[in-house]
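Work through the exercises below with the sequence and model open. Try each task before reading its solution.

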Amino acid sequence: MENSKPLALILFFGTFVGIILYVYTGKRRKQRLESYKDIPFMDDDELDPTQQKKQQVKKDESTGK
């Protein structure tokens with residue numbers, strides 16, 4: 001019990017450093033997270049990938065592709 005506070009400090013500091021490394025490393029992650037920033041402003045139709053496929057099929061059918 002005597003060393004529980006320093007042990008907790010080391011554990012939480014390690015977790016904090018891990019989170020910081022996770023957030024600030026990786027270019028792919030940055031691009032993915034940047035693409036998520038507009039989600040609250042998008043319509044529901046734009047978020048549903050099946051809806052986008054249906055719209056693409058309708059567009060292709062109307063143009064004759």
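Predicted model: local features only at pLDDT ≥ 70, side-chain atom pairs only at ≥ 80, totals over all residues.

Residues are numbered from 1 along each chain as its sequence is written, and side-chain values use heavy atoms, without hydrogens and water.

**Exercise 1. Describe the fold and the burial of the chain.**

Start with the secondary structure, taken as DSSP runs (helices: H or I, at least four residues; strands: E, at least two). The chain has 4 helices and 0 strands. From the N terminus, the order is α-α-α-α. Next, take burial: buried means under 20% relative accessible area, exposed over 50%, partly exposed in between (1.4 Å probe, protein chains only). Of the 65 residues, 2% are buried. Finally, take the surface, computed by the Shrake-Rupley method with a 1.4 Å probe.

**Exercise 2. Locate the annotated span and the nonpolar patch.**

An unreviewed UniProt entry lists residues 6-24 as "transmembrane region"; such annotations may be inferred rather than shown by experiment. In the model this span is 100% helix, with its end C-alpha atoms 27 Å apart. Now find the patch (residues with over 30% relative accessible area and no salt bridge; nonpolar side chains joined within 5 Å). The patch covers about 960 Å², and its members include Phe13, Phe16 and Val17. Phe13 sits in helix α1 (residues 4-24). Phe13 counts as exposed because its relative accessible area is 53%.

**Exercise 3. Find the salt bridge.**

Apply the rule: a side-chain nitrogen of Lys or Arg within 4 Å of a carboxyl oxygen of Asp or Glu. The count is 1. The partners are Lys37 and Glu34, at 3.4 Å from N to O. Glu34 has 42% relative accessibility, so Glu34 is partly exposed.

**Exercise 4. Which side chain of opposite charge is nearest to Arg29?**

Arg29 is buried and has no salt bridge. The nearest side chain of opposite charge is Glu34, 12 Å away. Last, look at the backbone: the Arg29 side chain reaches the backbone oxygen of Thr25 at 2.3 Å.

Notes
Lys, Arg positive; Asp, Glu negative; His and termini not counted. Polar contact = N/O pair within 3.5 Å; in protein donor to acceptor, adjacent residues only side chain to side chain. Patch = residues over 30% accessible without salt bridge, like charges linked within 9 Å, V, L, I, M, F, W, Y side chains within 5 Å.
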